[in-house]
Amino acid sequence: MVHSTLALSLLLIAVSSNLAMAIKKEKRAPQTLSRGWGDEITWVQTYEEGLYQAKKSNKPLMVIHHLEDCQYCQALKKAFAENEEIQEMAQNNFIMLNLMHETTDKNLSPDGQYVPRIMFIDPSLTVRADITGRYSNRLYTYEPQDIPFLIENMKKALRLIQTEL
C-alpha cells in the first residue's frame, strides 16, 4: 500500500512538473503596440486615432503595414528597430501606427495591398502618395538595405509640412 501511494505521488509530481513547464513555455511577454518596431516609440492603436493625432499635433502620420509571418517584414522590422536615427525621429516627429491588417482607406494601397508597405499622411490628412520607395513595382516598400532611403523620406515628410505651414 505504501509503495503504491508513493508511486502514485511520484507520478502526480512528475505530471504536474511537466505540465507546469509546458505552460511556462507557452507564456509570452505581453504584446505591445510596437510589435517589435520600437518599444520607446509612442504608437497609436488605430488608423482613425492616428489621423486624429496627426491633425491635432501637426505631425505626419507614418503607417507601417506588415504581417507577423512575413520574412521581409521581419527583416525590415529588425533594421527599423535597430536604427537610432529612425527611432528618434519616429518618437519625436511622427504619429506612428503599425498595422497587421488593411484599413478601409483605399488611399493607403494605391498600388496594391502588399507588405511591408510604409506610407505617410500629412496633418491635413492627405496621403502622401508622392513619398515613395525605390521600387517601381511596389512603390511603398522598403528593404533593410533601404533604411537610409527611408530616413530621407521621413525627413521629406517633415519638410513638406514645414513648407505648407
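This is a predicted model: local features need pLDDT of at least 70, side-chain atom pairs count only at pLDDT 80 or more; totals for chains, interfaces and linings use all residues.
Reader: What makes up the secondary structure of the chain?
Author: There are 5 helices and 3 strands, in the order α-α-β-α-α-β-β-α from the N terminus. Helices are DSSP runs of H or I with at least four residues, strands are runs of E with at least two, and both are numbered from the N terminus.

Reader: How do you know that β1 and β3 pair?
Author: Two strands pair if DSSP finds at least two bridges between them. Strand β1 (residues 61-65) has 5 bridges to β3, and the two run antiparallel. Met-62, for one, stands opposite Phe-120 in β3.

Reader: And which strands are called the edge strands?
Author: The open sheet has the order β2-β1-β3, with mixed pairing. Its edge strands are β2 (95-99) and β3 (117-121), because each pairs on one side only.

Reader: Why is Ser-136 called exposed?
Author: Exposed means over 50% relative accessible area, buried means under 20%, and partly exposed is in between (1.4 Å probe, protein chains only). Ser-136 has 72% relative accessibility, so it counts as exposed. You'll find Ser-136 in the loop between β3 and α5.

Reader: What about Leu-125: exposed, partly exposed or buried?
Author: Leu-125 comes to 38%, so the label is partly exposed. Leu-125 is in the loop between β3 and α5, and its phi is near 70 degrees, a positive value in a residue other than glycine.

Reader: Which residues of helix α2 are buried, and why are they said to be on the same side?
Author: In helix α2 (residues 47-57) the buried ones are Tyr-47, Gly-50, Leu-51 and Ala-54. They cover an arc of only 100 degrees around the axis, so they sit on the same side of α2; that arc is taken from the directions from the helix axis to the C-beta atoms. The face turned away from the buried side carries the exposed Glu-48, Tyr-52 and Lys-56.

Reader: What do the buried residues of α2 pack against?
Author: They pack against β1, β2 and β3. Contact here means heavy atoms within 4.5 Å.

Reader: What makes a set of residues a nonpolar core?
Author: The members are buried Ala, Val, Leu, Ile, Met, Phe, Trp, Tyr and Cys residues, joined through side-chain atoms within 4.5 Å. The largest core has 24 residues, and those touching the most other members are Met-62, Phe-80, Phe-94, Met-96, Phe-120, Leu-150 and Met-154. Its largest share, 7 residues, comes from α5. Another core of 15 residues lies apart from it, with Tyr-47, Leu-108, Tyr-114 and Tyr-140 among them.

Reader: Which residues does Leu-150 contact, leaving aside neighbours within four places in sequence?
Author: Leu-150 is in contact with Met-62, Phe-80, Ile-86, Ile-118, Phe-120 and Tyr-142.

Reader: Where is the cis peptide bond, and what is its omega?
Author: Val-115 and Pro-116 are joined by it, with omega about -10 degrees. Pro-116 lies in the loop between β2 and β3.

Methods. Residues are numbered from 1 along each chain as its sequence is written. Side-chain values use heavy atoms; hydrogens and water are left out.
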